[in-house]
Amino acid sequence: QVQLTESGGGLVQAGDSLRLSCAASGRTYVMGWFRQAPGKEREFVSAITRGGGTTLYADSVKGRFTISRDNAKNTVSLEMNSLKPEDTAVYYCAARPLSYSLPSVAPSTYNTWGQGTQVTVSS
């Protein structure tokens with residue numbers, strides 16, 4: 001079974017950029033990024049197909065965040081630009097079961113999750 005490890009979070013000022021990475025130990029999966037603020041439900045951020053040809057973004061991050069993957073290195077990245085205080089959350093990467101080929105916005109459709117990395121954006 002795949003194991004996922006996120007990295008790259010930190011404390012930044014509004015308008016700054018961060019690049020998150022997710023290292024996978026298993027096969028190539030449809031991957032998603034989600035975030036969860038304290039007391040809030042887990043929220044979809046972005047997703048990418050196994051080959052990287054199709055991407056999906058939440059309206060709140062479209063134009064600011066970019067998802068990409070490097071299957072040779074078995075990593076998925078999320079470049080976050082123009083960060084806002086409302087982007088503050090723990091960010092998780094997740095993998096869909098191998099039988100699925102399409103990205104999804106629903107957390108329940110992903111069955112493997114990383115431990116998360118904290119992103120804090122101050123004003």
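Keep in mind as you go that the model is predicted. Asp87 sits in the loop that links β8 (75-80) to β9 (89-95).

Next, show what surrounds it. Setting aside residues up to four places away in sequence, Asp87 touches Arg35, Arg64, Phe65, Ser82, Val119 and Val121. Leave these displayed, as some of the names will come back.

**Along the loop to Lys84**

Stay in the loop between β8 and β9 and select Lys84, which is also placed there. Is Lys84 buried or partly exposed? With 35% relative accessibility, Lys84 counts as partly exposed. Beyond its neighbours within four places in sequence, Lys84 is in contact with Arg64 and Val121. Both of those residues are also on the list of what Asp87 touches.

**Into the core**

Now select Met80. Neighbours within four places aside, its contacts are Asp16, Ser17, Leu18, Leu20, Arg64, Phe65, Tyr91 and Val119. Where does Met80 belong? Met80 is one of the residues with the most contacts inside the largest nonpolar core, alongside Leu4, Met31, Trp33, Phe65, Leu78 and Tyr91. That core has 32 residues. Colour the elements that give two or more residues to it: β3 (18-24), β4 (31-36), β5 (43-48), β7 (65-70), β8, β9 and β11 (117-122). The largest share, five residues, is from β9.

**Zoom out**

Switch to a cartoon view of the whole chain. You will find eleven strands and zero helices. The C-alpha atoms fill a box of roughly 40 × 30 × 25 Å along the principal axes. A compact globule of 123 residues would have a radius of gyration near 14 Å, and the 13 Å of this chain agrees with that.

Of the 123 residues, 41% count as buried. Among contacts between residues at least 6 apart in sequence, 59% join residues at least 24 apart.

Finish with the surface and the charges. The accessible surface comes to about 6200 Å², and carbon and sulfur atoms account for 47% of that. Colour the charged side chains to see 12 positive and 9 negative ones, with the centres of the two sets 8 Å apart.

Notes:
Residues are numbered from 1 along each chain as its sequence is written. This is a predicted model: local features need pLDDT of at least 70, side-chain atom pairs count only at pLDDT 80 or more; totals for chains, interfaces and linings use all residues. Side-chain values use heavy atoms; hydrogens and water are left out. Helices (H or I, at least four residues) and strands (E, at least two) are DSSP runs, numbered from the N terminus. The radius of gyration is taken over C-alpha atoms; the globule rule is 2.2 Å times the number of residues to the power 0.38. Buried means under 20% relative accessible area, exposed over 50%, partly exposed in between (1.4 Å probe, protein chains only). Contact means heavy atoms within 4.5 Å. Accessible areas come from the Shrake-Rupley method with a 1.4 Å probe; for residues, only the protein chains shown count as cover. Lys and Arg count as positive and Asp and Glu as negative; His and the chain ends are not counted. The place of a charge is taken as NZ of Lys, CZ of Arg, CG of Asp or CD of Glu. A nonpolar core is a set of buried Ala, Val, Leu, Ile, Met, Phe, Trp, Tyr and Cys residues joined through side-chain atoms within 4.5 Å.
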